[in-house]
Amino acid sequence: MATNAQDLSPKEIVAELDRWVVGQGKAKRAVAIALRNRWRRQKVSEDLRDDILPKNIVMIGPTGVGKTEIARRLARLAGAPFVKVEASKFTEVGYVGRDVDSMIRDLVEAAVKLVKEEETEKLRERAREAAEEKILDALGFGSGLGMGFRSAVARVRGEGEGEGTAAGGSRDKARAQLRAGTLDDDPVEVEVQEKAAMPAMPFMGPGMEDMAQGLQDMMQSLGNNPIVSMLGGGAKKRKRRMKVKEALDVLTQEEASRMVDMERVVREALDRAQNAGIVFIDEIDKIAGREGGQGPDVSRGGVQRDLLPIVEGSNVSTKYGPVKTDHVLFIAAGAFHVVKPSDLIPELQGRFPIRVELEPLSREDLVRILKEPRSSLVRQYTALLATEGVDVQFRDEAIEEVARIAAEVNERMENIGARRLHTVMERLLDELSFDADGLRGQRIVVDAAYVRTRLEGVAADEDLSRYIL
């Protein structure tokens, strides 16, 4: 996006979210205000800045109405590190639960990856130039200091008079050809860094993934140490034969990674994780259970108590350094069919002061979901079948009919929101997808009659069980 997300007003943030998620205006307003408040916080005086904490949000609504998508698109819009966790996974190993701190470690990893990608992109042009030089060397064109194999052959043959008689001139011509793409399919043998695979560690149980990752990083840092490399240890390089185009991409990535200042990346990533990170805790209703309950309520209460200090604000140790969670934005979500938000322990309720109810999707919403978003299902299926040379055209009446059937099935059975559209669309295009390779060059018009023929009986009670997720 050309516009800096930090400069977007709440109205503009909602407008951007509208391009991807249909409806749910209240939820969009809440997250837009939360994002804008982060920008406002950076503008206030330093003595007040630390005391302005994010207002965490809990989204209440049935599955398939856009809770996760709103949070994910918001993070992408803001260029913020984002991590999604399922609250129920922390109950898997009993009362103590999995290491709840892992969500913050995952957030920092996401921040490092995000910042590293940004830095790599900035250095891509320089890295590509360095990769080009390596490719030209591998192809046998001499550098400015001498004459490469191809340059020498050209001179013996008497080719390339004038500029071409010099090794540098021949190399310049080859560089121009390389940039023009005329050498893309030529084979070349280049040295690439071999990625050492971390051996499996069966003795490491749940919650010890960070230790395994730390060992892997330690081995990699040893491999990058020049002294270790001189002694014959560390990361190995091996020769690989590939096409010039592929080799250029691989070497460009290697050169960019080598140029990136990882210390600066880590500093920026830690700052971004602490001040702009977004943690989306899904299925929070699955851990709702009061203290003193029986059976699984004990485990749920334990997970809530473990979550509380993270959401309140605490220091979490990561391999990159300590991270404060005071200004991380937490967005929780749950259907709350069986329990209520008030069933969470009071201290945790107090840390999610903004509650937003999302509306179930109507038939009109389903029509808009099929047509309006940039990644709508209709566009997805049309593009997929176009790869086989099949031109599929959906009429508006067909989209209306698909939405009607999906809404009807949602009403009669479990309401799974927009996810029902996946079930119905797969059934609608099942035969076409299967036979697409034999329909190359044909145009298929999907109208209301086609939909009714293909989906006949889907919404009938006696056949429902065959099409339910």
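I began with Leu428, which I located in helix α17, residues 419-428. Helices here are DSSP runs of H or I with at least four residues, strands are runs of E with at least two, and both are numbered from the N terminus.

I noted that the model is predicted, that local features need pLDDT of at least 70 and side-chain atom pairs pLDDT 80 or more, and that totals for chains, interfaces and linings use all residues. Residues are numbered from 1 along each chain as its sequence is written, and side-chain values use heavy atoms, with hydrogens and water left out.

**Entry 1**

Buried means under 20% relative accessible area, exposed means over 50%, and partly exposed lies in between, with a 1.4 Å probe and protein chains only.

I then listed the contacts of Leu428, leaving aside neighbours within four places in sequence: Phe394, Val402, Val446, Tyr450, Val451, Arg454 and Leu455. Contact means heavy atoms within 4.5 Å. I also recorded a C-alpha separation of 9.8 Å between Leu428 and Glu456, which are 28 residues apart along the chain.

For Phe394, not counting residues up to four places away in sequence, I found contacts with Val378, Thr382, Ile399, Met425, Leu428, Leu429 and Val446.

**Entry 2: the nonpolar cores**

I looked up the largest nonpolar core and found 64 residues; Ile331, Leu370, Phe394, Met425 and Leu428 have the most contacts inside it. The largest share of this core, 8 residues, comes from α16. I recorded a second, separate core of 42 residues, which includes Met103, Ala111, Val266 and Leu308. A nonpolar core is a set of buried Ala, Val, Leu, Ile, Met, Phe, Trp, Tyr and Cys residues joined through side-chain atoms within 4.5 Å. I keep in mind that nonpolar side chains tend to be buried together in soluble globular proteins.

**Entry 3: α14 with α16**

I turned to α16 (residues 396-412) and its packing with α14 (residues 363-371): the angle is about 130 degrees and the axes are 9 Å apart. Axes are lines fitted to C-alpha atoms, for helices over the stretch in contact, and angles run from 0 to 180 degrees between N-to-C directions. The two helices α14 and α16 are therefore oblique to each other. Angles under 35 degrees count as roughly parallel, over 145 as roughly antiparallel, 65 to 115 as roughly perpendicular, and the rest as oblique.

I found the crossing of α14 and α16 to be right-handed. A crossing is right-handed if the near helix is turned clockwise from the far one by less than a right angle, and left-handed if anticlockwise.

From α14 I listed Arg363, Leu366, Val367, Leu370 and Lys371 in the contact, and from α16 a set including Ile399, Val402, Ala403 and Ala406. By class, this contact of α14 with α16 has 8 nonpolar, no polar and 5 charged residues. Ala, Val, Leu, Ile, Met, Phe, Trp, Tyr, Cys and Pro count as nonpolar, Asp, Glu, Lys and Arg as charged, and the others, Gly among them, as polar.

**Entry 4: α1 with α2**

I examined α1 and α2, which pack at about 130 degrees with their axes 9 Å apart. That angle makes α1 oblique to α2, and the crossing is right-handed. Pro10, Ile13, Val14, Leu17 and Asp18 of α1 meet residues of α2, among them Val31, Ala32 and Leu35. I counted 7 nonpolar, no polar and 5 charged residues in the contact of α1 with α2.

**Entry 5: α5 with α10**

I looked up α5 (residues 102-139) and α10 (residues 244-259) and found an angle of about 130 degrees, with the axes 7 Å apart. This makes α5 oblique to α10, and α5 passes α10 in a right-handed crossing. Leu123, Ala127 and Ile135 are among the α5 residues that meet α10, where the partners include Leu248, Leu251 and Met259. The contact of α5 with α10 divides into 12 nonpolar, 3 polar and 7 charged residues.

**Entry 6: positive phi**

I noted that most residues other than glycine have a negative phi. Gln24, not a glycine, has a positive phi of about 55 degrees. Gln24 lies in the loop between α1 (10-18) and α2 (25-43) and is buried, at 9% relative accessible area. Glu283 also has a positive phi, near 55 degrees. Glu283 sits in the loop between β5 (278-282) and α12 (296-312) and is partly exposed at 26% relative accessibility.
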